[in-house]
Amino acid sequence: MLDNATIRNGIMQSQHFKTIAEYWQRLDIALVGIGSPAIRHGANWQAFYGNEQSDDLVVRQVAGDICSRFFDSEGQLVHTTMQEKTLAIELAALRKARYAIGIAYGEEKQAALLGALRGKHINSLVTDRATAEYLVQ
């Protein structure tokens, strides 16, 4: 997450970034964490997104994120003001990976995991038993 879209757009024009973006299109295996606004009061979430942006995610009914790409509980992408400042793989590119492995567990991540699975943003999941049992219900 960069300070503004101008910085992000400048970086995206660099040859170094273009090389990285090309690699993203050819991923075999991706290992990603799955975030959730349900943990928005935690120190890590607050340090990264802050109150104002976290409140916006709740208003927009964001269930989760992968690489700061936000989606609802059905897996549909949700546009946020942060999108123009985010320099990360797009979920469409992630879905092309042979293995897109998500890692998350816990009650506060349930809606995020459902969204990630329903949207086919991941095709494998590492989680704990209680979360897995919830997801298969």
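This is a predicted model: local features need pLDDT of at least 70, side-chain atom pairs count only at pLDDT 80 or more; totals for chains, interfaces and linings use all residues.

**The nonpolar core and its surroundings**

Mentor: Not counting residues up to four places away in sequence, Ile122 touches Val32, Ile34, Ile66, Ala100, Ile101, Gly102, Ala116 and Leu117. Ile122 belongs to the largest nonpolar core, which has 17 residues. Within that core, the members that touch the most other members are Ile34, Ile66, Phe71, Leu94, Ala116 and Ile122. Two or more residues of this core are given by each of strand E1 (29-33), helix H4 (91-95) and helix H5 (110-118). Helix H5 supplies the largest share, namely 4 residues. Apart from this core there is a second, separate one of 7 residues, and Leu57, Val62, Phe70 and Val78 are among them.

Leu31, Ile103 and Val126 make a nonpolar patch of about 270 Å². Of these residues, Val126 lies in strand E5, which spans residues 124-126. Val126 has a relative accessible area of 44% and is therefore classed as partly exposed, since that class covers values between the 20% limit for buried and the 50% limit for exposed.

As to the chain in general, residues 1-136 are 42% helix and 14% strand, with the end C-alpha atoms 33 Å apart. An unreviewed UniProt entry lists residues 1-136 under "domain: Sugar-binding".

Key: Residues are numbered from 1 along each chain as its sequence is written. Side-chain values use heavy atoms; hydrogens and water are left out. A nonpolar core is a set of buried Ala, Val, Leu, Ile, Met, Phe, Trp, Tyr and Cys residues joined through side-chain atoms within 4.5 Å. Buried means under 20% relative accessible area, exposed over 50%, partly exposed in between (1.4 Å probe, protein chains only). Contact means heavy atoms within 4.5 Å. Patches are made of residues with over 30% relative accessible area and no salt bridge: like charges are joined within 9 Å, nonpolar side chains (Val, Leu, Ile, Met, Phe, Trp, Tyr) within 5 Å. Accessible areas come from the Shrake-Rupley method with a 1.4 Å probe; for residues, only the protein chains shown count as cover. A salt bridge is a side-chain nitrogen of Lys or Arg within 4 Å of a carboxyl oxygen of Asp or Glu. UniProt positions are given in the numbering used here, feature names are shortened, and annotations may be inferred rather than shown by experiment.
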